[in-house]
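Subject: Structure for you to look at

Hello,

Here is the structure I said I would pass on.

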Amino acid sequence: MASRNKTAQASIESMYRVFTVPEAPQSTLGQVDEYISRNLAGFLQEHIVAVEKDLNEVEKDFSDSTIPEKPIFVSEQAQFLLDKLVAQSVHTAAPSFIGHMTSALPHFMLPLSKIMIALNQNLVKTETSKAFTPLERQVIGMLHRLVFQEDKAFYRRWMHDPFHALGSMCSGGTVANLSALWVARNLAFPAEANFRGVNREGLFRALQYYGYQGAAVLVSERGHYSLRKAADILGIGHDYIIPIATNRENKIDVDALRTECIRLRSEKIKILSIVGIAGTTETGNVDPLDEMAEVAREFGAQFHVDAAWGGPTLFSRKYAPILKGIEKADSVTIDAHKQLYVPMGCGLVLFKNPASVNAIEHHAQYIIRKGSKDLGSTTLEGSRPGMAMLIHSGLRIIGRDGYEILIDLGIDKAKAYARMIEAHPNFELITEPELNILTYRYRPDYAAEALKIADDEHRKKINIMLGRITKYIQKSQRERGKAFVSRTRLNPRQYEGDPCVVFRVVLANPLTTEKILTSILDEQVEIASEKGISDEFQALQKACARVMSASKSQQVAASRS
Ligand SMILES: *Cc1c(COP(=O)(O)O)cnc(C)c1O
């Protein structure tokens, strides 16, 4: 088993490592193609994150607002793009780029994506996509099965049914979440004898008719900001995305959730949806989905799971149990351009019930007619590319086995990094990785001592100072261009909710080694000794010393009395 895994892992890694340049070309366009490929290969294999050039400088290359009168050669444009655009883009594929959810792609995606561009299919209707439509339905079916695990007969029955859909494909997690809440809203206020449905009469009339004072969506305070956008568009309003407190592990407090539901019910506010998160964007934690499903059922709300990041964890036999309860969701968002490793611009929402999407069905005379297999009748977007082809390719070329390896590698590596941070005198782990995301900050050991005993006022002060130091290190490291971690602000329980600036790390690139992680910490330590931040350190030392001596004199006073 272990040796089989080693071979399998090596084969997955080679998909990221080996970049092949196409055969020598015959035509001029072919030459351009070959030239670009060679240059991109070079770019992708460089292990630096960014060449530091001020964005204001870069802007100068893109400052002319006139549309060129005369055409130029493709080769000329290609050279421009390589020099000005590629050279000043970010190496999201670099193994030391561990700050964001955007990471390396397996290299087979590049040649295969040419098929998609070449054919230029439009998935809004079968007339412009033919085989791409059943392919997309199959991909949605496969991912539906990964999440909901219905039996074969279920998929035979529903996958290609013209009056139903198991999900809706879109450009990313934002539109997926919006689509899910759109369905939830429409299901909450359906048509009846004297009401034509919220989709026709609007939210104001719907609330009046059903006797509500408003409509709300509940999600933990770690919810993604896309939910607020959705609430805005759907006429619910931001203020009705109700943030529920989280516990120490950044998971929703289910008691607080239930209490809020009771309050809303007494105020005649309709609960459209309760949203569980499988992989919070900042800390990678997973809500107790099982318990949330129960609360949703109790209050007659839809249960949506935002698994934009964490969904593919289901491929891992070891870690899938963390997502227990996801199969009870009414809808689930998965971002394919995150942990399914397909190119940017691909997400989907899955619906447990094949009839759910009928709540947002739209028809037109010339296309997406009722009863056609056109996917456009149940998607928010109209014209859409055949991205499903690339999910299909990933699922077949990488396979369940391969995705399992990718997931396990990331989570195990995050755990290893957490241990490195904990063992280091100058760093503090702020959030333990549950999936492959963790946060930490710069905190010398003398500050740890002081924080333990400081009163509220001094603790806050020290946390602010540590925040400035962490921010400085993060910015300098990015500017140096060798490595990148991101930065966010959390309110950790261990510091009574003080705002704390932290480094945020996302480990999704299989080529990120522990050696690279060590060198990232080393560089951060090195930056901390720079002159630019020495004043801040002096202030910190003073503040910590003051806390220590105050506590000592208190102890002395206490022992005397
Ligand atoms: C990334 C993410 C989103 C938004 O997805 P986009 O693809 O950026 O639109 C929503 N929710 C969570 C939890 C995410 O991680």
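Helices, as I use the word here, are DSSP runs of H or I with at least four residues, numbered from the N terminus. By that numbering, Lys-130 lies in the loop between H5 and H6. Please keep in mind that this is a predicted model.

I start with that loop. It runs between helix H5 (109-119) and helix H6 (132-148), and Asn-120 is found in it too. Asn-120 has 63%, so Asn-120 is exposed. Lys-130 has 67%, so Lys-130 is exposed as well.

Next, the ligand. The shell around the ligand holds 15 residues, and the closest are Thr-174, Asp-306, Asp-335, His-337 and Lys-338. Sorted by type, the shell has 3 nonpolar, 9 polar and 3 charged residues. Which helices supply at least two residues each? They are helix H8 (173-188) and helix H13 (336-339). H8 gives the largest share, 3 residues.

In the side chain of Thr-174, an N or O atom is 2.6 Å from an oxygen atom of the ligand. For Asp-306, a side-chain N or O atom is 2.7 Å from a nitrogen atom of the ligand. A polar side-chain atom of Asp-335 is 2.7 Å from an oxygen atom of the ligand. How much of the ligand does the protein cover? On its own the ligand has 380 Å² of accessible area, and the protein covers 87% of that.

Then the aromatic rings. A pair of aromatic rings is described by the distance of the centres and the angle of the planes. The count of aromatic pairs comes to 15. One of them joins Phe-62 and Phe-80, with ring centres 5.9 Å apart. Their planes are at 75 degrees, and planes over 60 degrees apart count as edge-to-face, so this pair is edge-to-face. Phe-62 sits in the loop between helix H3 (55-59) and helix H4 (74-86), while Phe-80 is in helix H4, 18 residues apart. Phe-62, at 43% relative accessibility, is partly exposed, and Phe-80 is partly exposed at 31%.

A further pair is Phe-195 with Tyr-210: the centres are 5.7 Å apart and the planes are at 90 degrees, so this pair is edge-to-face. Phe-195 is in the loop between H8 and helix H9 (198-210), and Tyr-210 is in helix H9, so the pair ties together parts that are 15 residues apart in sequence. Is Phe-195 buried or exposed? At 1% relative accessibility, Phe-195 is buried, whereas Tyr-210, at 22%, is partly exposed.

Tyr-417, Phe-427, Tyr-440, Tyr-442, Phe-503 and Phe-537 are linked into a cluster by ring pairs. Arg-157 lies over the face of Trp-158, at 3.9 Å from the ring centre.

Regards

Note on methods
Residues numbered from 1 in each chain as written. Predicted model: local features only at pLDDT ≥ 70, side-chain atom pairs only at ≥ 80, totals over all residues. Heavy atoms only, no water. Near = heavy atom within 4 Å. Polar contact = N/O pair within 3.5 Å; in protein donor to acceptor, adjacent residues only side chain to side chain. Areas by Shrake-Rupley, 256 points an atom, 1.4 Å probe, with all protein chains shown as cover. Nonpolar A, V, L, I, M, F, W, Y, C, P; charged D, E, K, R; others polar. Phe/Tyr/Trp six-rings, centres within 6.5 Å; stacked < 30°, edge-to-face > 60°. Buried < 20%, exposed > 50% of the residue type's maximum accessible area, 1.4 Å probe, protein only. Lys NZ or Arg CZ within 6 Å of the ring centre and 35° of its normal.
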